[in-house]
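Here is a short report on the model below.

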Amino acid sequence: MLEQDTGLSLAIAQIVQRLKGSSLHSQLERQARGSLHKPEIKLDSLKEDIKEFLKTSGLFPSPCHPAAPPEHMKEPLVYMRKAQGSWEKRILKSLNSMCTELSIPLARKRPIGEQKELLNKWNEMGTDEPDLSLFRPVYAPKDFLEVLMNLRNPNYENGDQPSFRNHLGLIQVPLKVKDIPELRDYFSELGLNTGQLGIDDSTQVPPELFENEHVRVGQTVLTEQDSAAAQQYVRQGCPTALRAELWALILNISNQPEDILYYEQLKSNVIQHDLLVDSLIYKDVKLTASNDDYYFVFEDYLYQVLLCFSRDTSVLEHFSYSSATPPKSYIRGKLGLEEYAVFYPPNALSQLNSFIISVAPLCFLYHEPSKLYQIFREMYVRFFFRLHSISSHPSGIVSLCLLFETLLQTHLPQLFYHLREIGAQPLRISFKWMVRAFSGYLATDQLLLLWDRILGYNSLEILAVLAAAVFAFRAVNLMEVTSLAAAEAVLADLSTLKVMPLLQIFLFATVT
Amino acid sequence: MEPPAPSLGHGAGFPMAPDPALCTVRSPVALQVGDVKTDLARPGVAVIDVALPPTQPLDLQEIVFKNSYTAFLTVRVQRRRPCDVGREGARKWVTCLWNHCLMPSPHTEAGSQDYFSVFRHQMLCDVDQVTAVRLILRQPSPVWLHFTLEELRLYPRGQQSLQTGFPSWLSNLAPQQQPENLHGGVPDPEKVSTEVQQLWVLTEMIRANQTAARIGRFDVDGCYDINLLSYT
């Protein structure tokens, strides 16, 4: 079959390309070499036989259509690509203007004396108090929300007259989002009849009922080193003692010597070159994490991780499936020459702020800088990058906003109408929670339980469900407010909330 | 209008699909009762006619297109049959694809701008010797302003792939380890030399395949002194 053949060949070629030079490749080749000597294997028909088998076994999902250009794989909808492009241009302009106004170069090689000083201070960069008053963040979450609110599909009927076509919330693009029956199906392991950590491990419940067995299963999963089983397991929550290793198993982080070496190389890159974005990172960390009651102890770790992260070129690979495009620059004096084109910053992510705080919870789990770094990097390129770029992906921030608004409208219509009438559109309040994956708003143990589910279901939709569940929980108070400021005050403090009961009640115990 | 050549170049080394067939694709015609200009309701049906050169009937293998907000697609073909030779008059239209769903949820964006392929094995009837193709597009949702198909290409039949059943050894992917039996003395030197030769060939292949993994350098020869960021 032509379609399956070309699709399969393409998938195989892409995977071989990805694996080249890695240790997995040599392991596979060793196995293949061993199997070649078996008498049953006919070498001449080997390729076709394997292809047939892979086709019929259904192991290979079909990749993107071969006629589709690469930008289609990043984001299929043209108007979203355009919106992402103009948003990126705004950020680039802002960075460039900051560079010219403050007369600070985008990148500067540090003199030897400064390099030595930084190396000595590496573990206590938080004690530094540089003058950062002139630096301003590249953008604030509400700027990003404004851009999302103004997203319009040119082929959609966005009439001025209110009609069924206009969405009542802030997001006006018609993306497909799940409704509660589909969410119940998707999150079936969170149901009322399944044990959960976060509910069934509370002090009133005897541990023999659920907790002991769950911990035992977790230890078995770890000894087997089964990544797929671990992903299934964490859907019911991770015991605190096992969480660090289970997350590393799911994210395929093994902390081999070559990974530690790679981290050391990044560290030396930080010491050699000083980037403008470093000052932005400093400012952001000082503003957010240093003031937080739980995270201020990790300030030094945050600098170490984030400064290295901005030098990491392996992050560039995620741009093949992200709707974002990396910003480029040229070596001074060589404008336009492609051999002198580089990405800036090296990992091409200039919008680091507002999720810096999502590194901090990981500091509770991992104490070794290189492992902490790898976990954070993997979580970013798998999940969190979707919160900062405009795309139609079901876990993208646009879909999450739309899912939140749709859930609230469908299941709490009076509340939604009331808030809209008083000028307090619910998304204005919940956007900042979702864009940071609730980091800095929930208590840390609750946050880690929530992130267990993100890893388990490989999707960020649970953030939107939790946001709607929080509104449902405080609905009575919210019905009495008369302004946006009062609504924000009601929802200002989420640190006492218990995440799993809220999710369970909203998904499984609400009358639809 | 000659359709552009397909862009399948991913450098993967698999056989290229044959070039698309020459055909004329007309622009979509909306089917609407009443006056097109003044009527407020949207036509939910449009028809795209594709005419093939009459002297070159096509054995259709694949239809490739980019969707643009069409929800359902029906394809009808006109074929030249041996019994038609010499007989004038309208040839019959036969439906070869009926109500193929492109957008599972027509009010939302899923599938709205995706690329699709329709193959001969998915079609309801034989599509050899085709002289004309008619694509009937349906979009029941009134929220979209326009709907059509873009980049439409028809591919003729190429080489047929031979269907073989896969041998039984593949059905068991975890073979038991058989320890080498060395009780029979020193292994045969000829066997050893062929194995060593195979190993050598494999090592050469590995050396030839350079890794594509990044080294991680972001600067150019130690220099990272850059201009302002470029907007292109």
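## A helix and its cover

Helix α7 of chain A spans residues 141-149, and its buried residues are A:Phe144, A:Leu145, A:Val147, A:Leu148 and A:Met149. Buried means under 20% relative accessible area, exposed over 50%, and partly exposed in between (1.4 Å probe, protein chains only). Helices (H or I, at least four residues) and strands (E, at least two) are DSSP runs, numbered from the N terminus. An α-helix has 3.6 residues a turn, so residues three or four places apart point the same way.

What covers the buried residues of α7(A)? The cover includes α5 (78-102), α17 (397-411) and α19 (426-435) of chain A. Contact here means heavy atoms within 4.5 Å.

## Basis of the model

This is a predicted model: local features need pLDDT of at least 70, side-chain atom pairs count only at pLDDT 80 or more, and totals for chains, interfaces and linings use all residues. Residues are numbered from 1 along each chain as its sequence is written, chains are lettered from A and ligands numbered from 1 in the order in which they are written, and side-chain values use heavy atoms, with hydrogens and water left out.

## Chain B overall

Chain B has one helix and nine strands. From the N terminus the order is β-β-β-β-β-β-β-β-β-α. Of its 232 residues, 37% are buried. Take the contacts in chain B between residues at least 6 apart in sequence: 76% of them join residues at least 24 apart.

## A three-stranded sheet

In chain B, three strands form an open antiparallel sheet in the order β7-β4-β9. Its edge strands are β7 and β9 (148-156), each pairing on one side only. Neighbouring strands are turned by 20 degrees against each other on average, direction ignored. Axes are lines fitted to C-alpha atoms, for helices over the stretch in contact, and angles run from 0 to 180 degrees between N-to-C directions.

Two strands pair if DSSP finds at least two bridges between them. Strand β4 (residues 60-68) of chain B is joined to β7(B) by five bridges, and the two run antiparallel. B:Glu62 sits opposite B:Phe119 of β7(B).

## Positive phi in two loops

A:Asn252 is not a glycine, yet its phi is positive, about 60 degrees. It lies in the loop between α11 (240-250) and α12 (257-272) of chain A. A:Asn252 counts as exposed because its relative accessibility is 58%.

B:Gln129 is not a glycine either, and has a positive phi of about 55 degrees. Its loop runs between β7 (115-119) and β8 (130-138) of chain B. Buried or partly exposed? B:Gln129 is partly exposed, at a relative accessible area of 27%.
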